[in-house]
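Hi,

Here is the structure I promised to pass on to you. Have a look at it first, and then read my notes below.

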Amino acid sequence: MVKVGIDKITFHVPHHYVDMVELAKARDIDPNKFLIGIGQEKMAVPTIEEDIVAMAANAANRIVTEEDKELIDQVIFATESGFDFSKSAGTYIHQMLGIQPFAKAYEVKHACYGGTAGLISAFNYVKLNPERKVLVIMSDISRYGLNSGGEATQGAGAIAMLVTANPRILSLDSETLSLTENQFDFWRPSYAEVPYVQGKYSTELYIEMFNTIIEEYAKRYPERLSDLQAISFHLPFTKMGRKCLQSLENKEETNINPELVERWFSHYQDSTFIGRQVGNVYTGSLYLSLMSLLNFDDNLEEGQRIGMFSYGSGAVAELFTGILQPGFKENVSKEGTLLHLNRRVKLDIKAYEENFEKTLSNEDGVIEVVKDKETLHPGFYLDRIDDHRRYYNEITTK
Ligand code: CAA
């Protein structure tokens, strides 16, 4: 049977960040609450020209070759921070990257779960059409508001992955287990600029749904579960996955062997490396955790099976698995990851607050987004809005 999965994967984060110690001090909070209690060191801050499409294009451009562009049949764009209720963000990417015209581009939404829905859909398509490829993109801006309960769990960024037959990084297994409940833990009605969130409840529900899924998974696929070397989690903040593993440790009645939990714990810290530096990127957060494992966990070996736990408020969760492919380490770049994170510039709290207040008004038909192009970094950016249409440009050299 043909193997299908992730052949290439990369991420893009904005050029600025906030230091969590400085944010804590500005809010009169003990910094250890953010550093240890929540598990965040830096929070990515997008400027106005770094919208979800610009970030996505910058990620995708790094992995898609001219040959890929002819073989890609679908561009799946997952986001929960879309700026258009009708036109898909994928259509911009299709044009900006020059993907062959007969590919389809569409947008997927279910909170932080949307990217996984896109990945599974890509997997199914390539299983049936193993000569073809699918580009899956996740891009989000997590915004709760200045001084809000969720302020420390904001962030922004995009992930791009190419799903193909005979993948070089991770071949996915067909068996997955998902769970849906109609819940109000985090939601954003169409008229709201920031989400409504029941913070504590959202973390409890996440843990509860993880437990329901993993116990059922243990009943349905016991051998597969025992085979899992590590699990990467959706990480709205990096303490979240740790809380799930602790909940397994503390249980009196469970189908999960404590040695397995110990094994998963031993890989956990490495899976949080990028997330700690970036914050929540909503639907891409699980995949930052996966990329952290691939880049920074020196104890993972080819042929080993890893699990991925996806959670999207509202709520849908899914546990799925894959096998690390021979040479997977050569197809991810630890140095590239570090360079990309370290190129960023720190904003002080005043600058972060001023930047936060800059938004594009829905009423404005014509806006030149960036007045001073000299301040821009290489890559795609949102250049202007004209007649309510977004136009992007690219700086190729600095
Ligand atoms: N030193 C060390 N630890 C400290 C500390 C200190 N000085 N002060 C507090 N802490 C610890 C607390 O003990 C607590 O630890 P536990 O969770 O292990 O008990 C932790 O820091 C957080 O403290 P609080 O619960 O008091 O923090 P809070 O009231 O500010 O809420 C939050 C935290 C709920 C995550 C809030 O930031 C929030 O609402 N965020 C947005 C919602 C969210 O991210 N939910 C996650 C699940 S939903 C999801 O996954 C989808 C999605 O992406 C949104």
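How far does a polar side-chain atom of K33 lie from an oxygen atom of the ligand? The distance is 2.8 Å. This is a predicted model, where local features need pLDDT of at least 70, side-chain atom pairs count only at pLDDT 80 or more, and totals for chains, interfaces and linings use all residues. Residues are numbered from 1 along each chain as its sequence is written, and side-chain values use heavy atoms, with hydrogens and water left out.

Let me stay with the ligand for a moment. It is surrounded by 24 residues (a heavy atom within 4 Å), and the closest are K33, K200, S202, K239 and K243. In the side chain of K239, an N or O atom is 2.7 Å from an oxygen atom of the ligand. On the side chain of D30, an N or O atom is 2.9 Å from a nitrogen atom of the ligand.

Now for the overall layout. The chain has two parts, domain 1 (4–170 + 334–395) and domain 2 (174–325), with bounds from an automatic or database domain assignment. Their centres, taken over C-alpha atoms, are 21 Å apart.

The two domains touch through 57 residues of domain 1 and 50 residues of domain 2, where contact means heavy atoms within 4.5 Å. Between them, about 4,100 Å² is buried, and carbon and sulfur atoms give 61% of this; buried area is the accessible area (1.4 Å probe) that two parts lose on being put together, summed over both. On the domain 1 side, C112, Y144 and L170 lose the most area to domain 2, together 16% of what that side buries.

What about charges and polar groups? The model has 19 salt bridges, each a side-chain nitrogen of Lys or Arg within 4 Å of a carboxyl oxygen of Asp or Glu. One of them joins R276 and E41 (2.9 Å, N to O). R276 sits in helix 11 (residues 273–278) and E41 in the loop between helix 2 and strand 3, 235 residues apart; helices (H or I, at least four residues) and strands (E, at least two) are DSSP runs, numbered from the N terminus. Across the interface of domain 1 and domain 2, the rule finds one salt bridge.

Enjoy exploring it!

Best wishes

Terms used:
A polar contact is a pair of N or O atoms within 3.5 Å; within protein, one must be able to donate a hydrogen and the other to accept it, and residues adjacent in sequence count only if both atoms are side-chain atoms.
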